[in-house]
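This report describes one protein model for a reader new to structures. Please look at the sequence and the model before reading on.

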Amino acid sequence: MSELPTIGHIGNLRRIDVSEPLERAPYIARGKHILLGQRKFRGQTDALVLLGKCIEQTRVSNKYDANVWLDIRTPHVIYICGKRGSGKSYDLGILSEGLILGSNSKITTKDKAITTVVFDTQSQFWALADAPKDTLTEDLEQLDQLREWALPTIGLSGARLFKPAGEQSDLPTVEDFVLDPAELDADDWCGLFGLERYSPQGQCIRTLLQKVRVDGYEIEEASGGQLRRVRVPATPRYAIPDLVRCLKKDLEMIDQSQKQTRDAVLWKLESLQDSNLFQPGGLNIREVLRPGQISVFLLRNLDNSTKSLVVSVFAKKIFNLMGDYHTKRKVSRRFGSELPDEYRGLPDGVWVLIDEAHLVCPADAHTAAKESLVEYVKRGRDAGLSLVLATQQPSAVDSRVVSQIDLLIVHRLVVDGDISAALARVPANFPKEVSFGSARISERYALVRALDTGEAWVADAETSRALLVAMRPRVSAHGGDEPVVI
Ligand SMILES: Nc1ncnc2c1ncn2[C@@H]1O[C@H](COP(=O)(O)OP(=O)(O)O)[C@@H](O)[C@H]1O
Ligand SMILES: [Mg+2]
């Protein structure tokens, strides 16, 4: 069992009295450590990442200032919600650091770096590779907090940043990525265009892809003053002009589908023809699935449906490859057979983090990422896949994904509808009564409204009730600070 590191003490954080004890969370009294997310190997300490400090105490036991760790040995589905500025993106940074760094950082007990992919919808994670600097006023408060917590400053130096091809960037090291149209399936196209699967345009896309990719089709061409039928063979590695051509010329579609429908799809496809993002030669998923690498996709400047498409394409590639890999791995371990070459060098686990998840996986609109993420979480356990979603609108994320969560981190929320949506997802109970100083609160909505920035209720399906935590300061630079304007 790993010796847990000594973290500093937090003298000046709030101290909150909670009525009932926290049960079923493994607790190590020496050095005060609470372990969350342990489904297996309870009490073991060698695959932990530090979330923060416990800021509550109960009459029976005083766990104030205890270090709160998350066990990452098994996959998790984590949902982070809170109003704007409450600390959600900061948490994604906390998790990223914990996944990538080793035990010398004190914020994790493992040494292996865990492959992580961040879909950064607001482009805030570009600074991860850097340590905070005392020459920057925006970093000074963070440096003070790190001193108090006795934590080092470390940049995630291997972080790889990816931006959509064609986009301008001032960052010194950032790579381009493109989406290969041939890698998109009918659901992706429908999601990108905001179309229902079974709408006339949705059906038109389905037929179109079948013809271009699989069956081939017939067109009429003028030759020697005569019209002649020509067969266009299937093009599995198709590009957008191939789709446009089929839509305009395929005799069967012209005959059997409405011109209005075809024109609407045509117009949508043609609007993408000049885009730098949609080009043959999409990013090889192996570039992202390198063991121990963190990849950050900077998506801020894409519209929401394209953001969603990017997530969909990569989520699918990840669960397909990782799912196959784990199936083959199980067989080869049991029968002592060789693992096929194409699965060598893959990581055992992958974490996907999505900020502002309601933009890519909304409850009320058809987007590309929805079905892909549902599949991702369904297959996740067996394929070593974890998912973390952060959102300021807890009711606005598709419920099929959210129903799979095993850890919920609730920061401050103020709107009743948002609070009730978050509470409906709590995989554990809330305490019945809490005292913030002299104010006693027993109403659950008020418990969530009373939180400060960086404070959260952390509810773990394995423990008896949600726990009050002050999330720790980041050890790497946080690029998401609001600018000081005067
Ligand atoms: N655990 C924390 N410790 C210290 N400061 C924090 C913490 N969480 C958030 N903050 C501060 O609050 C700001 C807003 O947090 P952020 O995570 O960007 O909010 P949002 O919920 O909108 O994603 C951060 O820039 C940071 O200064
Ligand atoms: Mg944010």
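Lysine 106 sits in the loop between α1 and β8 (115-120). Helices (H or I, at least four residues) and strands (E, at least two) are DSSP runs, numbered from the N terminus. This is a predicted model, in which local features need pLDDT of at least 70 and side-chain atom pairs count only at pLDDT 80 or more, while totals for chains, interfaces and linings use all residues. Residues are numbered from 1 along each chain as its sequence is written, and chains are lettered from A and ligands numbered from 1 in the order in which they are written.

Most residues other than glycine have a negative phi. Lysine 106 has a positive phi of about 70° although it is not a glycine. Aspartate 65, which is not a glycine either, has a positive phi of about 80°. Aspartate 65 is found in the loop between β5 (56-57) and β6.

Are these residues buried or exposed? A residue is buried if 20 or more other C-beta atoms lie within 10 Å of its own, exposed if 12 or fewer, and partly exposed in between, with C-beta atoms placed from the backbone. The table gives the counts for these two residues and for isoleucine 114, which lies in the loop between α1 and β8.

| Residue | Other C-beta atoms within 10 Å | Class |
|---|---|---|
| Aspartate 65 | 18 C-beta atoms | partly exposed |
| Lysine 106 | 20 C-beta atoms | buried |

Not counting residues up to four places away in sequence, isoleucine 114 touches Ile72, Leu99, Gly292, Gly349 and Trp351. Two residues are in contact if their C-beta atoms, placed from the backbone, lie within 7 Å. The C-alpha atoms of isoleucine 114 and glycine 323 are separated by 17 Å, and the two residues are 209 residues apart along the chain.

## Strand β6

Strand β6 (residues 67-71) is mostly covered, with 5 of its 5 residues buried. In a regular strand the side chains alternate between the two faces of the sheet. In β6, Asn67, Trp69 and Asp71 are on one side and Val68 and Leu70 on the other, and all are buried.

Which strands pair with β6? Two strands pair if DSSP finds at least two bridges between them. Strand β3 (residues 33-36) pairs with β6 in the parallel sense over 4 bridges, and leucine 36 stands opposite leucine 70 in β6. Strand β4 (residues 48-54) pairs with β6 in the antiparallel sense over 5 bridges. There, leucine 50 has tryptophan 69 in β6 as its bridge partner.

## Ligand 1

There are 16 residues around ligand 1, and Gly87, Lys88, Ser89, Tyr90 and Gly454 come nearest. A residue is near a molecule if its C-beta atom, placed from the backbone, lies within 6 Å of it. Helix α1 (residues 88-100) gives the largest share of this shell, 3 residues.

## Two domains

The domain assignment gives domain 1 (16-178 + 283-326 + 340-413 + 420-433 + 466-471) and domain 2 (183-270). These bounds come from an automatic or database domain assignment. Taken over C-alpha atoms, the centres of domain 1 and domain 2 are separated by 40 Å. The contact takes 12 residues from domain 1 and 10 residues from domain 2. On the side of domain 1 that touches domain 2, α9 (304-335) and α10 (368-383) are the elements that give two or more residues. α9 gives the most, with 6 residues.
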